[in-house]
Amino acid sequence: VQAVRANLLHQKGITGKGIKVGILDFGFTKYAELKRAGVVPEPVDAKAFNSAGRFDTSEHGTAVAEIIHAMAPDARLYLAAVAGREDEIILAAKWLLSQGVHI
């Protein structure tokens, strides 16, 4: 936040309020732990599109959520987990769009 001077935007009230952000990623391992610690917010919604129906297949999505939350702390997050198959990605993207996600 400091390195890219997002803190200056925060001071002006630009915090992502009213913005819906979708994170389409391979997984969200340890998201619940970071949520309990206050590092990431409760997502508005989360859905697994992989055949296992799991969110704990990678920490990458969790790291992305952590960065987005730090940069835009008032944005509302939507999480979509995929294994990487094209059909999963398309379904996840369509679902995010149906949620009214802006980014």
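**Exercise 1. The sheet**

In which order do the strands of the open sheet lie, and is the pairing parallel or antiparallel?

*Solution.* Keep in mind that you are looking at a predicted model.

Step 1: Find the strands. The open sheet holds 3 of them, in the order E1-E3-E2, and the pairing is parallel.

Step 2: Look at the edges. E1 and E2 each have a single partner strand, so one side of each has no neighbour in the sheet.

Step 3: Check the twist. From one strand to the next, it averages 15 degrees.

Step 4: Zoom in on one pair. E1 and E3 run parallel and are joined by 6 bridges. Gly22 stands opposite Tyr78 in E3, and Asp25 has Ala81 in E3 as its bridge partner.

Step 5: Ask how covered E1 is. Of its 6 residues, 5 are buried, so this strand is mostly covered.

**Exercise 2. One side of helix H3**

Find the buried residues of H3 and work out what they pack against.

*Solution.* Step 1: Get to know the helix. H3 spans residues 60-71, which makes 12 residues. From its first C-alpha to its last it reaches 17 Å, close to the 16 Å expected at 1.5 Å a residue.

Step 1: List the buried residues. They are Gly61, Thr62, Ala65 and His69. Around the axis they cover an arc of only 100 degrees, which puts them on the same side of H3.

Step 2: Recall the geometry. An α-helix has 3.6 residues a turn, so residues three or four places apart point the same way.

Step 3: Name the partners. The buried residues of H3 pack against strand E1 (20-25), helix H2 (31-36) and strand E3 (76-81).

Step 4: Place the helix on the sheet. H3 lies across E1 and E3, and runs at about 160 degrees to E1.

**Exercise 3. Salt bridges**

How many salt bridges does a search of the whole structure find?

*Solution.* Step 1: Count. The search finds 5 salt bridges.

Step 1: Glu59 forms a salt bridge with Lys30, with their closest N and O atoms 3.6 Å apart. Glu59 is in the loop between strand E2 (45-48) and H3, while Lys30 is in the loop between E1 and H2, 29 residues apart. Glu59 is partly exposed at 43% relative accessible area, and Lys30 is partly exposed at 44%.

Step 2: Move on to Lys35 and Glu42, whose side chains meet at 2.6 Å, N to O. Lys35 is partly exposed, at 30%. Glu42 has a relative accessible area of 53%; the cut-off for exposed is over 50%, so Glu42 counts as exposed.

Step 3: Asp56 is partly exposed at 42% relative accessibility, and so is Arg54 at 41%.

Step 4: Finish with the network of salt bridges that links Arg85, Asp87 and Glu88.

**Exercise 4. A closer look at Glu88**

Is Glu88 buried or exposed?

*Solution.* Step 1: Locate the residue. Glu88 lies in helix H4 (residues 86-98).

Step 1: Apply the cut-off. Buried means under 20% relative accessible area; Glu88 has 2%, so Glu88 counts as buried.

Step 2: List its contacts. Leaving aside neighbours within four places in sequence, Glu88 is in contact with Phe49, Asn50, Ser51, Val82 and Ala83.

Terms used:
Residues numbered from 1 in each chain as written. Predicted model: local features only at pLDDT ≥ 70, side-chain atom pairs only at ≥ 80, totals over all residues. Heavy atoms only, no water. Helix = DSSP H or I, 4+ residues; strand = E, 2+ residues; numbered from the N terminus. Expected span 1.5 Å × (residues − 1). Buried < 20%, exposed > 50% of the residue type's maximum accessible area, 1.4 Å probe, protein only. Arc of directions from axis to C-beta. Contact = heavy atoms within 4.5 Å. Salt bridge = Lys/Arg side-chain N within 4 Å of Asp/Glu carboxyl O. Pairing = 2+ DSSP bridges. Axes fitted to C-alpha atoms, helices over the stretch in contact; angles between N-to-C directions.
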